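Colleague: Can you walk me through this one? I'd like to start with the contacts between chains.

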Amino acid sequence: MSLAALKSVIDAISAPTISFTILTVAFPFFFPPTDWFEKIHRKLGFWRLWTKKGGIIGLLLITAFFVLGYFDKNFNITLTKPDNFPIVLLIYSMFFYIWLGMYKAYQNDERLDAGLKPNEYNDPDDKVLVWPDLVYIEFIALILFQVFLIVWSILVAAPIEEPANPAATPNPSKAPWYFLGLQEMLVYFDPWLAGVVFPTMIILGLMAIPYMDINKKGDGYYTFKERRVGIFIFMYGWIVLWLFLIVIGTFFRGPNWNFFGPFEYWDTHKVVALNNVNLSELFWVKLLAKGLPSNILIRESLGFIAVFVYLFVLPVILIKTKLKGTYETYGPTRFVSLMIFGLGMLALPIKMYLRWAINLKYIVAIPEWFFNI
Amino acid sequence: MEKPDNKKPLLERMGESQVWKSIIRSGVPRTRRQRMHAILGSVFLHLHPARLPKHAVKVGYTWCMGGLSFFLFVNLTITGILLMFYYRPTVEYAFTDIIDLAEQVPLGIMRELHRWTAHAMVLIVWLHMVRVFMTGSYKPPREFNWGVGVILMTLTLLLSFTGYLLPWDQLAIWAVTVGSNMARATPFLGHEGPGAALLAIGDINLIHVGSDVRFALLGGRFVGEATLLRFYVLHCIGIPFIAMIFMAVHFWRIRKDGGISGPL
Amino acid sequence: MSENKQAPRAAVGSSTTSPGSDNNDIRRRGFFRWLALGWLAFAAATGGFFIVIIRFLYPNVLFEPPQTFKIGFPDEFSPNSVDTRFKKKHNAWVVRDDESIFALSTTCTHLGCTPNWLLTENKFKCPCHGSGFRITGINFEGPAPRPLERFKIGLLDDGQILVDKTKSYKWEKGEWENKDSFLKV
Ligand code: HEM
Ligand code: FES
């Protein structure tokens, strides 16, 4: 395959519709949360990612991608922006450390299966002295890191653009990279959700983790087997719904916030149809072939029902059926928090797919009250 | 006073001098006792216990990420104070002062050091969180300290964000315009948020452009002079002050929760 | 906590206590009254202080460009065109269509970036997230939830047009019907 063909394939599959789907579908096979996924994970060899070989191949693939990008005249522009260098570091370090954690976890899991204690275990009476054993490690880490920072600062000048001009918005206009996940959510949700409600829920949800996770095992050592559901949920949120959206926002969003493949030229005049429709229009106009009712509440009734069912009826059904056991072990308060944060987290992919599938803009659309969902 | 023994090595003699001993009580840490004393006798080092289980000092366990986060914070404080000598937070001077930092000020990389360290800190704090999650260290009795950590991470992001405005270039004001405009949409408290229209007395809206949360944040209707000053103060004093308090709690709680987590 | 709460309640509704402890009871009741009052005063003072601090965040005087400005005489604006002269200083476009002149806010209703008037495509296009608005200000593509706002506009005695940004009119509330939101020509 020629290089150009390879690049266009990469361009095509990095479209959020495709790459997000691939990641979501593949995810449970790499972090298997149930026995069934675990079986396939073993059978098809997905577990090899968490071995030394897997780690090296992963790092090599990332490197190949960046090398390819560096010598591509379009990708080179985004890749070498000084403010984007942290994302390159982010991709490498997040991959490496998550790999390292999983690698250690798998080693420990084998030990635990064999009835041994985890690698981290030492005789409690056999302690080491902080001076010199820890102080020196800290000292060396600190010096190495300082050297790294100085080299980085000498090699890469901090960016400065044109002086501020309130009348001319640059195109595209991006938030700092660590907020690009939020900016990406803005494509699918109104600002009051993407900018206020979701960040609040992310912070509260993170803080609530220790109270919602009642699994006592796996405290103080790396393990996957003993906490697989917890790790699966956290890592899906962290890798796919946060880090991946940051990468999309940095590398794949160009002028007018249109999607561009990494090797594609950022054409300001790329025309993308953005004619999204509201659920109320789909229902009243397209389906029933009537005009929109003038009463706002009637107009949006279908949306309200959908949201109500999602937030309030669905959990009750789950209590009665699939999650009955969970409800009993977790108790009402924990279960309600799990539902609030879980459904909140799931709302993002759901809205993304609705947008991609039927161009849905809002489920409930009441711009009169600034209330759009 | 005894006559100094000239045959002893210099370091040894220094360690026995009155000056040294008045500062560092333990002398040169050679023996086990002296080494423990070295940790316990220093206000800084006694953040640590004197002895630790073996796994806790391994880089492979903690990845050193928490320690590095703190180191980067200290680093940013120092470089930040140095930058304050040259930077004036006004619309008139901010941009040119930043240019001068690269062109007129000795060394010429202080701004780079500060900026790249700030980026690195966000990354390192995230990695620290991933480590703590992977080792399950948020489980009882460390639930509260995980919560403190989440607040520290939020403060780290806010520090970075407030700092982003200070160069007063296109990148800065538009990132902050878009970011702060989300505050307009805050339910009830933003003038374009759901429910804001309910807060009205008769015909008069209580929440409008000049009275909502965004206005309090920006000190005006748009990102301007007042915003620059507010963000500067928050960036240099307000948030670091709060972060320091939370860090103190964080470190204290690590010790009180039984030290670094580990298998039983 | 719960014990603390119990105590005053018992003291207030104390008709059941034996007559012998009357004296004691009155003294206790008084004590709790003072205690409650003390805490109340403390809470009020703290709350008041807090409100004062919040108020402190809102400046009395703003050093921003004036909210009202003159834009010239009606015949300076040619039909079906967008005048971008006032964009930079006053954040407004002056648009003249077949029968009226109106002032559109340059603040995108999505997240407040400043869109650009694209003459060839005959639309306002926002560079931040791609919202598009027609010459009337009505949104038709992208994430913007509602049309651009219009500012109050009127004629002065000298025949010049005055734009007043303190009052804005929203389409979705039917306010564009308001006769202050446009100028008949
Ligand atoms: C400014 C940011 C932060 C600083 C300076 C900091 C510092 C530290 C340090 C020095 C440690 C000792 C162990 C180690 O190095 O890993 C530690 C442990 C810990 N940190 Fe942080 N941290 C920060 C943010 C966070 C965040 C974002 C979280 C989680 C959301 C967190 C949760 C914890 C917990 C639960 C422990 C105990 C870990 C254990 O016992 O194994 N911290 N932190
Ligand atoms: S600010 Fe205009 S589209 Fe987002």
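Colleague: Which side chains meet in a salt bridge at 2.7 Å, N to O?

Modeller: Those of E192(B) and R146(C). A salt bridge here is a side-chain nitrogen of Lys or Arg within 4 Å of a carboxyl oxygen of Asp or Glu. Before we go on: this is a predicted model, where local features need pLDDT of at least 70, side-chain atom pairs count only at pLDDT 80 or more, and totals for chains, interfaces and linings use all residues. Residues are numbered from 1 along each chain as written, chains are lettered from A and ligands numbered from 1 in the order written, and side-chain values use heavy atoms, without hydrogens and water.

Colleague: How many salt bridges does the rule find across the interface of chain C and chain B?

Modeller: One. The rule also finds four residue pairs in polar contact there, both residues at pLDDT 80 or more. A polar contact is a pair of N or O atoms within 3.5 Å; within protein, one must be able to donate a hydrogen and the other to accept it, and residues adjacent in sequence count only if both atoms are side-chain atoms.

Colleague: What area is buried between chain C and chain B?

Modeller: About 1,300 Å², with 57% from carbon and sulfur atoms. Buried area is the accessible area (1.4 Å probe) that two parts lose on being put together, summed over both. On the chain C side, Y58(C), E64(C) and L111(C) lose the most, together 40% of what that side buries.

Colleague: And what about chain B and chain A, how much area is buried there?

Modeller: About 8,300 Å², and carbon and sulfur atoms give 73% of that. W116(B), W126(B) and M134(B) supply 10% of the area chain B buries against chain A, more than any other three residues.

Colleague: How many salt bridges between chain B and chain A?

Modeller: Three. One joins the side chains of D213(A) and K139(B) at 3.6 Å, N to O.

Colleague: New topic. Which protein donors does the iron atom of ligand 1 have?

Modeller: H128(B) and H250(B), each through NE2, at 2.0 to 2.1 Å. Donors are N, O and S atoms within 2.8 Å of the metal (3.2 Å for Na, K and Ca); water is not among the atoms, so sites may look incomplete.

Colleague: Are those two histidines buried or exposed?

Modeller: H128(B) is buried, at 18% relative accessible area. H250(B) is buried too, at 12%. Buried means under 20%, exposed over 50%, partly exposed in between (1.4 Å probe, protein chains only).
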